[in-house]
Structures are given as C-alpha cells and as structure tokens.
Amino acid sequence: MIASVGFSASQNAGDELEPFVELCFPVRGKCLPADHNYALFAACVHIIPEIRQQTAISILTIPGFADKQGKILLTEQSCLRIRVPIPQISLIYKLAGKSIRLGIHEIQIGIPEIFTLKPAKTLRSRIVVIKGYTEPEPFLNAVKRQLDDLEISGQISIPVNKKGELSRKTLKVKRYTIVGFTTEISELSDDDSLKLQQWGIGGKRHLGCGYFLPFKGGRNV
C-alpha cells in the first residue's frame, strides 16, 4: 500500500525555468557515517562559507553500502551531487580537489562532471522534511500545498519500505532529530519535472532533503 494524494495546478504560460545543473564530484575514501547530512554541509561551508546564504543550492548526501552498524562503505560510484543555478557553478567548483573531514572520516573530492537536468515522469526524494508535519496524511496535504504554490501537477505518494510500512526517515542535526518521509511524485509533465528537480520542496535542502531524482523500476537513476 502507498499513501497518496492527487493534485493539479495550471502552469502560467509565461513562466520560464531557471537554468540549473548538477555537479557530480567523485569521492574517494573508506567509509562515512550513514547519517552524515549535517556533517557534509558543515564541511562544505568550511570551504565555501557563502553556501549558507545560497538558498537555491541543494546538496545530496553521498551514497554507499550500508554496513548495518551506522556507517556506509564508499564505492567507485560514490559521488557528491550538488544542484545549482548555472551562475553559481564557479562557487561550488571550489570543492574540487579538496579533502574534507566528516567526524573521524576523511574523504577526497575529485573534479566534477557537470550535467543538465533531464525530465522524468516520476521523481523520488529519499527524505522530504516539512516543519510541523510528521504524520503521513497531514504531510501529504502540506506537500500538495507546496506543489500548488509551484504550479506543479502530479500524483504524490509515500512509498512503503521493506517492512510494508510507510517510509518515514529521520536525520540528526546536532542534538535534534528531524522527521520526514520518502516522497514520490508521478505523472509529471517535462516542465513540471524540471521545475521540481530545480526547486525541490520542504526544508533542509542543504542537508539532502527535498532533492528529487528520476525514479525507474524500483531505483533512482
């Protein structure tokens, strides 16, 4: 079972999409904490303090293999993905070639590839956080309102996890635990898909929340 809600909104004919790109930095190292959202953001800010003021920048956490003991093991495919408006490429490019430390773990950031965003009918974010909404039904309604504000039309759902439960996620920021949900938006037009990838929804997008990726056949691509 998937909790879902439908919504629709008209797009203004005169709207133009902001040009965004995704920088994909290769990452070399052994392992990282599974919950490294805040540590990664803090490490990036240490190198580029201006990131704090750049609300259009989204930073995705680094993927790897979970060791079931609170860490992820990095692989040849592990990378740091950051979405930015085109004028801010040079700002984020300062991360290239840097070593950063997340707790006791050090990683090396390589030279990024730069990709344009591609539309997909279905997008999924591992975690979307909307302050004050920690239960599925109110959360879905809050997502609907935010997408209405962006004039995006589609079908909103919270997928189920391996236990058959709605996919509730948490992340830690210092002493606080933040609750969100994996969120899928389907039946998107090309323009709406690009708009959602560019602007995301919810808060904490510097911490990997509300970062939507194309979703096909049970996996993000």
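## The main nonpolar core

The largest nonpolar core of this predicted model has 36 residues, and Phe25, Leu80, Ile82 and Ile92 have the most contacts inside it. A nonpolar core here is a set of buried Ala, Val, Leu, Ile, Met, Phe, Trp, Tyr and Cys residues joined through side-chain atoms within 4.5 Å; buried means under 20% relative accessible area, exposed over 50%, and partly exposed in between (1.4 Å probe, protein chains only). At least two residues of this core come from each of strand 2 (20–28), helix 1, strand 7, helix 2 (89–92), strand 8, strand 9 and strand 13. Helix 1 gives the largest share, 5 residues. Helices (H or I, at least four residues) and strands (E, at least two) are DSSP runs, numbered from the N terminus.

Leaving aside residues up to four places away in sequence, Phe25 touches Ser78, Cys79, Leu80, Ile82, Ile92, Tyr93, Leu95, Ala96, Ile109, Gly110 and Pro112, where contact means heavy atoms within 4.5 Å. Apart from this core lies another, of 18 residues, including Ala120, Val128, Ile156 and Leu196.

## Helix 1 and its cover

Let's turn to helix 1. This helix spans residues 37–47, and Asn37, Leu40, Phe41, Ala43, Cys44 and Val45 are buried in it. Among the elements covering these buried residues are strand 4 (58–60), strand 7 (79–85), strand 8 (99–102) and strand 13 (168–173).

Strand 8 has Ile100 and Leu102 on a covered face, with Ser99 and Arg101 on an uncovered one.

Strand 8 runs antiparallel to strand 9 (residues 105–109), joined to it by 4 bridges; two strands pair if DSSP finds at least two bridges between them. Opposite Ser99 stands Gln108 of strand 9. The hairpin of these strands has 2 residues between them, and Gly103 takes a positive phi near 65 degrees there.

## Strand 11 and its two partners

Strand 11 (residues 123–128) is mostly covered, with 5 of its 6 residues buried. On pairing, 4 bridges join strand 11 to strand 14 (residues 176–186) in an antiparallel arrangement, and Ser125 has Thr183 as its bridge partner in strand 14.

Strand 11 also runs antiparallel to strand 15 (residues 213–216), with 2 bridges between them. Here Arg124 is partnered by Leu213 of strand 15.

## Notes on the model

Residues are numbered from 1 along each chain as its sequence is written, and side-chain values use heavy atoms, leaving out hydrogens and water. As this is a predicted model, local features need pLDDT of at least 70 and side-chain atom pairs count only at pLDDT 80 or more, while totals for chains, interfaces and linings use all residues.
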